Amino acid sequence: MRLMSQLDMSTLRFGQHLIKASAVFLRTELSFALVNRKPVVPGHVLVCPLRPVERFRDLQPDELADLFSTTQRVANLVEKHFNATSLTIAIQDGPEAGQTVKHVHIHVLPRKPGDFDRNDSIYDELQKHDRENEDIPSKWRSEEEMAAEASYLRKQIENP
């Protein structure tokens, strides 16, 4: 997997959103990983194909392989660096599944004992996390907070 330096990263499309390079901490030939503007748990990140593809079924075989190998790499990173003991890795594929951004993306969430009273509550939180308070951007992390976390993760992935 070829890594691209921070200088190679430009603004990327994520469904209806433009993502600044400062929020991206990993980019491969076919995928990218970014920090979340409203994480469900600390370390909640997203991994996406570079090509804006709305549904999982529409990924090409090479995109699928790169997306999953990138997700595995990112998962190992966030589990280690957020001192997690487990991970929740989820894809919400279509609106009835809770997908709010029309671009395939994989949620990677580091998990710890007792982080939720009921373990599966994480799925309830994923279902509502982008819809809740959409009109109140103050609930979102600032660009500076996101850039700082992405910078930290970028350094960790470049120098394991």
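These questions and answers work through a predicted model of one protein chain.

Q: What percentage of the residues score a pLDDT of at least 70?
A: The model is predicted, and pLDDT is its per-residue confidence. The chain averages 87. The share of residues that score at least 70 is 88%.

Q: Over which residues does pLDDT stay under 50, and how many contacts beyond four places in sequence does the model have for them?
A: The stretch is residues 1–9. Contacts beyond four places in sequence are still present in the model for this stretch. Their number is 19.

Q: In what pattern do the helices and strands follow along the sequence?
A: The chain has 3 helices and 7 strands. Read along the sequence, they give the pattern β-β-β-β-β-α-β-β-α-α.

Q: What share of the contacts with a separation of 6 or more comes from residues 24 or more positions apart?
A: The chain has 160 residues, and 44% of them are buried. Among contacts with a separation of 6 or more, those between residues 24 or more positions apart account for 62%.

Q: How far apart in space are Leu34 and Ala147, C-alpha to C-alpha?
A: In sequence, Leu34 and Ala147 are 113 residues apart. In space, C-alpha to C-alpha, the distance is 9.7 Å.

Q: What distance separates the end C-alpha atoms of helix 3?
A: Helix 3 covers residues 143–158, which is 16 residues.

Q: Within what arc do the buried residues of helix 3 fall?
A: The buried residues are Met146, Glu149, Ala150, Leu153, Arg154 and Ile157. Viewed down the helix axis, they line one face of helix 3. An α-helix has 3.6 residues a turn, so residues three or four places apart point the same way. The arc that holds the buried residues of helix 3 is 140°.

Q: Which exposed residues does helix 3 carry on the face turned away from its buried side?
A: The buried side of helix 3 is covered by elements including strand 3 (24–27), strand 4, strand 5 and helix 1. The face turned away from that side carries exposed Glu144, Ala148 and Lys155.

Q: Why is the pair of Phe56 and Phe68 edge-to-face?
A: The chain has 1 aromatic pair. Its ring centres are 6.2 Å apart, and its planes meet at 75°. Planes over 60 degrees apart count as edge-to-face, so Phe56 and Phe68 are edge-to-face.

Q: Where do Phe56 and Phe68 lie?
A: Phe56 is partly exposed at 30% relative accessible area. Phe68 is also partly exposed, at 40%. The two are 12 residues apart, with Phe56 in the loop between strand 5 (45–49) and helix 1 (61–81), and Phe68 in helix 1.

Q: Which residue lies over the face of Trp140?
A: The distance to the ring centre of Trp140 is 3.8 Å. The residue over that face is Arg37.

Q: What is the phi of Asn83?
A: Asn83 lies in the loop between helix 1 and strand 6 (86–91). At 61% relative accessibility, Asn83 counts as exposed. Most residues other than glycine have a negative phi. Asn83 is not a glycine, yet its phi is positive, at about 50°.

Key:
Residues are numbered from 1 along each chain as its sequence is written. This is a predicted model: local features need pLDDT of at least 70, side-chain atom pairs count only at pLDDT 80 or more; totals for chains, interfaces and linings use all residues. Side-chain values use heavy atoms; hydrogens and water are left out. pLDDT is the predictor's confidence in each residue, from 0 to 100. Contact means heavy atoms within 4.5 Å. Rings of Phe, Tyr and Trp (its six-membered ring) pair if their centres lie within 6.5 Å; planes under 30 degrees apart count as stacked, over 60 as edge-to-face and the rest as tilted. Helices (H or I, at least four residues) and strands (E, at least two) are DSSP runs, numbered from the N terminus. Buried means under 20% relative accessible area, exposed over 50%, partly exposed in between (1.4 Å probe, protein chains only). A charge sits over a ring if NZ of Lys or CZ of Arg is within 6 Å of the ring centre and within 35 degrees of the ring normal. The expected span of a helix is 1.5 Å times one less than its number of residues. The arc is that of the directions from the helix axis to the C-beta atoms.
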